[in-house]
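I am opening my notebook to record how the chains of this model meet. I will take the contacts between chains in turn and write down what I looked up.

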Amino acid sequence: MTEIKQVRLSGFGGQGVVLAGLLLGQAGVFDGKYISGSNSYGAQARGSGCKSEIVFSDGPVDFPHLTIADILIAMSRGAYDNYCTDVRTESGLILYDQGFVTPKDNLKVKHLGIPANEVSVKRLKNKQVSNIVFLGALIEATRIVSAGAIRKAISMHVSERFRSLNLKALQAGMELGREFNG
Amino acid sequence: MPFRWVKSPFPKGTYYFSGNEAAAEGAIAAGCRFYAGYPITPSSELMERIAVRLKEVGGVFIQMEDEIASISATIGASWAGAKAMTATSGPGFSLMQESIGYAAFTETPCVIVDVQRAGPCTGQATKVGSGDIMQAKWGSHGDYQVIALSPWSSQEMYDLTLRAFNLSEQYRVPAMVMADEAVGHLRETIRVAPRVEVWDRKKKKGGAPFDIEGEDGVPPMAAFGEGERLSVTGSTHDAYGFRKTDDPEVHARLVGRINQKILNHKRSIIETEDYLLEDAEVALIAYGFTARTSLYAVKRLRKEGQKIGMLRLKTLWPFSDERVAEVGKKVKRIMVPEMNLGQVAGEVKRCVVCDVISLSQTNGEVIGPELLIETLKKI
Amino acid sequence: MVRALEKYIRPGVKATPFCPGCGHGILMGLILRAIDDLKMDMKKMLFVSGIGCAAWIPSPHYNGDTLHTLHGRALAFATGAKLYNPDLCVMVVSGDGDLSSIGGNHLIHAARRNIDLKVICANNMIYGMTGGQVASTTPRGSKTSTTGEGNPFRPFDLCKLVEGAGATYVARFSVTQPVSLIDSIKKAILHVGFSFIEVLSPCPTQFGRRNRLDRPDEMMKDLIQRCILEQEAEGLTEEEKAEKIITGEFLS
C-alpha cells in the first residue's frame, strides 16, 4: 500500500507560501519521494489568500491535488479559519502562528503553535522568513523530509543573497519544532 | 535510420519541474532551437524557461508582437531548418489558427503547446479548462490533419512535448500538446532518461518537397539556404511548390495526401492506455488532468466492488476511433468526464453503440474525485 | 539596356500574372537588376511575400528560396527565418495593404527591432486582387469600389511610419524612376538593419479606371509628373506639394 501524506501550506500573498511549498516539494524529490505540488492564489480564499499543496508518496500519485490535509500550516488567521476543518481527524496536525491564530478547541486534531512571525521579526530581523521558520518546525516535528534535503532545496531555489538568512530561519524553526517533539 | 539516440541535455536523474517548465525541457531535449511566443496566462512559465534554455544551447528565442506573429515566425524558422515551437493558451490559440492551417498545408513541422484555460473568450485566465480540443482539430478552414497529444502529468509535459517534435518532424505536420492549466502548473517528480530518441525531417537533394509516390506520403524537406531554391506557398501547389490554383486534380491530390499521410499512420501515432478494463462493465474515457481524477475514482470504486476501468487518451487527434470502438463493445456504459461541454464525448459517441454519458464541468475548476465518484455511483 | 536576367528566373515559370499596365512587372525586373549588379548569390536569398498582387513578384518567379505566406504575415515569417539563419539575405516583397494594413502591427515591430530585412512595399494605393477596394494608402478623395464618393480618410505616409517605428534605411521611389530605384534597392540590400522602400506602382485596372486615368500610359505619365525629389519640393507651397509625391532617400 502506497503511503501518501498531504500537506497544505496557507497564508496570504507575500508570506512566501509558494516558495515554502516549492522547497518542501523539492526536498521530497531529493529524498526520493513522488511529489505532486500545486499552488493557488486569488479569490478562492477570503482576503488575498494563498495556498500551496504538496502530496508526498512512495509511488506514483493518482490524483495529484490534495484531497484531505494530513498537515496544515496556517500562517495567518484567515488561512486557519478557512482550512482547519479540512484536516484529517485524530492523525492530522495543524501548525499555526501563535501570534495570529487562536486555535479552536473543538477540533480533534493535534495543534502546534509556534511564534514564527515573532522569531523572524525579532530574532532574524526579517519578517519575510517566517515561512522558513515554519518549514524548520515542520520537518523537526514530522520528519516529512530530511533536514539535508531541505537545506539542499534552499541552496537550489533561494538566491545567494538570502541563503544564509534562510538557513538560520530553518535552524530557528527546527528548534521550535524540537520543543514540541521533546 | 530515421531516428537517432541523443544524450539528454539534462543529466539523468529526478527533477521537480512544473508542467510548463517540463515542456520547455522536453522541447530542448527534442532539439528545439527556435521559440517565438507572446505572454499569456497560464502558459508563460514555458516561455520564460525556454528563453533561458535556448540561450544556453545556442538556439534562438524571440518574444513577438502577438500570437499570429509567434506562430508565423515559428513556421519561418522551421523552413530555415529549425526545430521550432510556440506556446500559448486559448485566446492566443484562436489567433494562431490561420497559420496552423498554413503549416498543415505547406507540411511544416512545428510544435504548439496550448495550456488551456477556462474559455470561451478571455474567460477565467488563471483557471483550468479543456475547451480547445475541437479547435485543435477544426480551428483553421479547410480539411487538414494535425497531431494533438494530451499530457496528464509534469512527466508527460516533458515526454509528450518531445514526442510532439518527433511526430512533427516525421510526418511534416503541426503537432500540438493540448495541456491544461492544472497540468501546466502541476509540479511533480520527473525522471529524465540518459538518452532520448530524436527524429529529424528527412532530406533528399533535389527531391520534390510537396509530393511523393508511395512510401509514407511524407516528402523530403530541405531548408532555405541549402541551394534547393524552394518555392513554398499556402496556395494550392504542385510537387515543386508551383501555384496551381485552377487545377482541380492538383488540389484534390494535395488535400488528399496531407490528410492521408496522417490517417494512414494512425496506428503509430495514436497512444492509449488501459486501466483495469479487462472485466469492466463501465469505462471512463479520459484525457489530460481529468484522467488523474478518473484513475483515482476507478481505484476507489474497484475497492467497493464496482467493475470499472479507464481508457486514457494520450493522443486526441487523430482520434482513437478503433480503440474506443473496441472498449465500447466490451462495456455497458462509457462515461467521458471533461472540462468542456462534451467535446470528446461527442467523438466517443460517434465510435460506439453503447450508452455514453458526458460528465461536463466548466466552472474553471478541475473535476475532483468526489464529483466523479458520486456521479459514477448513481449510474 | 537589355540584360540576361533569365538566370534569376525560376525554370518553368511562364508569363507574369500581372495586368497590362501594372507596375509590378517593372519592379520585378528592377529588383533583379539590383541583385545582378551586386552579384548576389540567389542560393542564399530568401524572398518572403504575403498575399496580393505584389506578393507574386517574387513567388514563384525568383530563382532563390521563395516563401509565399499568409495575408499580412510576411514580416513575421521572415523574422523567424532570418533569426534562425542569419546567413540568409531575406527580402520581403509585398503590397501596401498586406504590409501596412492587415500586417501593420508586424511592420512597426519589425522596424522597431531593426531586424535585417529588406522590405520592398509595392504601393498601388488600392486592393488590386480583390477588386479595387480602398486601402490604408489610398489618397483622400480617390474613388474605389468601397468609396464611390471618394475616400474620406487620409492615407498612411508609409516612410514616416516605419522611420518613426525605428527603420534604419527608408526610401520612396516610383517605378517611373528606375535608375534611382535600382540604386536604392542595392543600398537596402547592403544595409544591415531594417530597410524599407516604398515603391509606387500603378494599378490601371483597379485604381486608374475609377480615377480618370483609364489608360496605363496615363497612369505612368501621372506618376512621372507627380513624383518629385525632396529637394525639388523645397520651393513649393503646401497646396502645390499636396499634388506631388515626394520621393528620395529619407534615411540611410
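Which side chains meet in a salt bridge with a distance of 2.6 Å, N to O? I found that they are those of C:R113 and B:E65, and I keep in mind that the model is a predicted one.

**Entry 1: chain B and chain C**

I looked up how many salt bridges the rule finds across the interface of chain B and chain C, and the count is 1. For polar contacts I noted 19 residue pairs between chain B and chain C, both residues being at pLDDT 80 or more. I then asked which elements of chain B take part, and found that β4 (60–63), α3 (67–79), α4 (90–105) and β12 (231–233) each supply at least two residues of the side that touches chain C. The largest share of that side, 7 residues, comes from α3(B). Sorted by class, the side of chain B that touches chain C has 16 nonpolar, 11 polar and 7 charged residues.

Next I turned to area, since the size of an interface is often given as the accessible area lost when the parts come together. Between chain B and chain C about 2,900 Å² is buried, and carbon and sulfur atoms give 60% of this. B:E65, B:R229 and B:R243 supply 25% of the area that chain B buries against chain C, more than any other three residues.

I also followed the strands, and saw that β12(B) runs parallel to strand β2 (residues 65–68) of chain C, with 3 bridges joining them. Within β2(C), C:T66 is the bridge partner of B:S231.

**Entry 2: chain B and chain A**

Here I counted contacts and found 19 residues of chain B touching 18 residues of chain A. The area buried between chain B and chain A is about 1,600 Å², with carbon and sulfur atoms giving 55% of it. In chain B, the residues that lose the most area to chain A are B:Y16, B:T189 and B:R292, which together make up 34% of what that side buries.

Which residue forms a salt bridge with B:K299? I found A:D62, with the closest N and O atoms 2.9 Å apart.

Finally, β10(B) pairs with strand β2 (residues 34–41) of chain A in the antiparallel sense over 2 bridges, and A:S36 stands opposite B:E188 in β10(B).

Terms used
Residues are numbered from 1 along each chain as its sequence is written. Chains are lettered from A and ligands numbered from 1 in the order in which they are written. This is a predicted model: local features need pLDDT of at least 70, side-chain atom pairs count only at pLDDT 80 or more; totals for chains, interfaces and linings use all residues. Side-chain values use heavy atoms; hydrogens and water are left out. Buried area is the accessible area (1.4 Å probe) that two parts lose on being put together, summed over both. A salt bridge is a side-chain nitrogen of Lys or Arg within 4 Å of a carboxyl oxygen of Asp or Glu. A polar contact is a pair of N or O atoms within 3.5 Å; within protein, one must be able to donate a hydrogen and the other to accept it, and residues adjacent in sequence count only if both atoms are side-chain atoms. Helices (H or I, at least four residues) and strands (E, at least two) are DSSP runs, numbered from the N terminus. Ala, Val, Leu, Ile, Met, Phe, Trp, Tyr, Cys and Pro count as nonpolar, Asp, Glu, Lys and Arg as charged, and the others, Gly among them, as polar. Two strands pair if DSSP finds at least two bridges between them. Contact means heavy atoms within 4.5 Å.
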